[in-house]
Amino acid sequence: MRVAYHSFALQESDDASLAVPYPDESEFGKYLNVFPGRLDFYSAGHTHTAAVTVQVWDGPPPAADADEKWEESEEAAFDTASGELAVWGMQRADDVVVLGDAGGRWGIRVGSAGRSEVQRETEDVGVAHGVERWLMQFWPEAT
């Protein structure tokens with residue numbers, strides 16, 4: 001994931017349907033900003049490439065592995081019209097996260113590690129690669 005100005009996002013593939021497209025109204029410094037059809041993430045590093053793993057589950061995933069030490073984590077719910085989220089940094093990437101065949105209400109649990117190190121590296125060295133790691137777990141919310 002290419003991070004710029006501490007942020008990146010996942011938002012509806014058809015961004016014309018969004019009332020508020022990325023990065024409008026994103027709250028700087030807030031770990032996870034949730035909007036209808038859009039999720040904004042705040043990275044500890046200014047400009048770098050983060051390692052991101054996305055998992056799509058049929059239901060809520062099991063609790064985090066005790067061996068995994070997340071520096072920050074959060075859980076939320078959001079609505080998507082299509083179930084297809086495009087990856088956004090300073091511009092749209094070719095990558096799309098497919099949650100399901102249709103939209104609806106989805107849960108997300110996100111955790112990240114390497115935040116202290118990537119902050120230090122991007123301030124002292126410049127662009128870092130793969131230092132900050134993210135795990136994003138999605139599941140359909142019961143209606």
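## Two serines and a sheet

In strand 4, the residue that bridges to Ser7 is Tyr42. This is a predicted model, so to speak of local features a pLDDT of at least 70 is needed, side-chain atom pairs count only at pLDDT 80 or more, and totals for chains, interfaces and linings use all residues. Residues are numbered from 1 along each chain as its sequence is written, and side-chain values use heavy atoms, with hydrogens and water left out.

Ser7 itself sits in strand 2 (residues 7–12); strands here are DSSP runs of E, at least two residues, numbered from the N terminus. Strand 2 pairs with strand 4 (residues 38–42) in the antiparallel sense over five bridges, where pairing takes at least two DSSP bridges between two strands.

Both strands belong to an open five-strand sheet, ordered 3-4-2-7-8 with antiparallel pairing. Strand 3 (32–35) and strand 8 (92–98) are at the edges with a single partner strand each, so one side of each has no neighbour in the sheet.

What does the side chain of Ser7 make a polar contact with? The side chain of Tyr22, at 2.6 Å; such a contact is a pair of N or O atoms within 3.5 Å, one able to donate a hydrogen and the other to accept it.

Buried means under 20% relative accessible area (1.4 Å probe, protein chains only), and touching means heavy atoms within 4.5 Å.

| Residue | Relative accessibility | Touches (beyond four places in sequence) |
|---|---|---|
| Ser7 | 15%, buried | Tyr22 and Phe41 |
| Ser112 | 0%, buried | Tyr31, Trp70, Glu71, Glu72, Arg133 and Trp134 |

Ser112 lies in strand 9 (residues 104–113).

Note on methods. Helix = DSSP H or I, 4+ residues; strand = E, 2+ residues; numbered from the N terminus. Buried < 20%, exposed > 50% of the residue type's maximum accessible area, 1.4 Å probe, protein only.
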